[in-house]
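Subject: Structure handover

Hello,

Here is the structure for you to look at. Please open it first, then read the notes below it.

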Amino acid sequence: MALERPKSLRELALEYLRNRIVDGTFQMGQVLSERKISEELGVSKSPVREALAQLRDEGLVDIEPQKGARVFTLSEEEVIQICDFRQAIESASFELALQRDPARLAKNMDRVVQKMVAKKAVDDEDAYIVLDNEFHHLVFEHAGNDYLTASYTRYVGKIAALRKLLSQLPKHTDLSFDEHQCLAEAVRKGDLTEIKALLAEHIDRTRKAYKKAKGLLQKSDH
């Protein structure tokens, strides 16, 4: 059995920062101090700086000369573009997954939905969002196309952070759960037309919900 290679300091800093951006601990627009982060992690500034550069490439961090790093922010136009991207790439992946691996896709989506039921029952919002991310990633796992997966993965952190922000809106998670149930059922039936219609409705609600959520961003930059 191959031994797992220990994570480098850069990888540890990257994981720490990415997780806290995605889960909302570091809010959109918040300034990120290399010194403070390096002190919290007990490492030098170098791996933190390298991690921030990677997160910039992922779109999770903005870095400006003389001003330093801060968590990304999203305009309404950017949210619209993210939703357009998701609509196109997830629709294509659903089509391939239904052609290539429909039974396992249906089985795994049902498994995730059942876990969602359990997390909703105990009001574990963070765990629910992790499952939400997993649900959508299943489509790419079963589509069998590395290029589609790589394209989605490049922006998955930003998409997950947006999910976390919107989860703070009243009833958002309840509506999201209903839509995931309907999608899983349509996958079981193999109905691509219904899947695409449900996906369009699901993603369009993100566009609309973001307008309501903009006020939450005012708490950032501290």
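First, the ground rules. This is a predicted model, where local features need pLDDT of at least 70, side-chain atom pairs count only at pLDDT 80 or more, and totals for chains, interfaces and linings use all residues. Residues are numbered from 1 along each chain as its sequence is written, and side-chain values use heavy atoms, with hydrogens and water left out.

**Confidence**

pLDDT is the predictor's confidence in each residue, from 0 to 100. The protein averages 90. A score of at least 70 is reached by 94% of the residues. Helices here are DSSP runs (H or I, at least four residues), numbered from the N terminus. Confidence is highest in helix α5 (residues 102–121), at a mean of 96. It is lowest in α9, at 91. Take care with residues 217–222, where pLDDT stays under 50. The model has 18 contacts beyond four places in sequence for that stretch. A contact means heavy atoms within 4.5 Å. Where pLDDT is low, the predicted coordinates should not be read in detail.

**The cavity**

The structure holds one cavity of 30 Å³ or more. A cavity is a set of points, on a 1 Å grid over the protein atoms alone, where a 1.4 Å probe fits but cannot get out. Lining residues have an atom within 4 Å of a point. Grid points are joined across faces, edges and corners, and the volume is the space filled by probe spheres set on the points.

The volume of the largest cavity is about 200 Å³. Its lining has 20 residues. Nearest its centre lie Asp132, Arg163, Leu166, His172 and Thr206. At least two lining residues come from each of α4 (76–100), α6, α7 (146–166), α8 (172–189) and α9 (192–213). Helix α6 gives the most, with five.

What is the make-up of the lining: how many nonpolar, polar and charged residues? Seven are nonpolar, eight polar and five charged. Nonpolar covers Ala, Val, Leu, Ile, Met, Phe, Trp, Tyr, Cys and Pro; charged covers Asp, Glu, Lys and Arg; the others, Gly among them, are polar.

**Buried residues in the helices**

Buried means under 20% relative accessible area, exposed over 50%, and partly exposed in between (1.4 Å probe, protein chains only).

- Val139 lies in helix α6 (residues 125–143). It is buried, at 1%. Beyond four places in sequence, Val139 touches Glu90, Ser93, Phe94, Ala97, Leu105 and Met109. Ala97 is 42 residues away along the chain, yet the two C-alpha atoms are separated by 6.4 Å.
- Glu90 sits in helix α4. It is buried, with a relative accessible area of 0%. Its contacts, leaving out residues up to four places away, are His136, Val139, Phe140, Tyr152, Leu199 and Ile203.
- Ser176 belongs to helix α8. It is buried, at 3%. Setting aside neighbours within four places in sequence, Ser176 is in contact with Tyr128, Asp132, His202 and Arg205.
- Val48 is part of helix α3 (residues 45–57). It is buried too, at 0%. Its partners are Ala13, Glu34, Ile37, Ser38 and Val43, not counting residues up to four places away.

**Cysteines**

Cys83 is buried, at 1% relative accessibility. Cys182 is partly exposed, at 35%.

**Two loop residues**

Most residues other than glycine have a negative phi. Asp123 is not a glycine, and its phi is positive, near 60°. Asp123 is found in the loop between α5 and α6. It is exposed, with a relative accessible area of 65%. Lys171 also has a positive phi, of about 70°, although it is not a glycine. Lys171 is in the loop between α7 and α8. At 59% relative accessibility, Lys171 is exposed.

Best wishes

Notes:
On a 1 Å grid over the protein atoms alone, a cavity is a set of points where a 1.4 Å probe fits but cannot get out, and a pocket is an open set with protein on both sides within 12 Å along at least five of seven lines; lining residues have an atom within 4 Å of a point.
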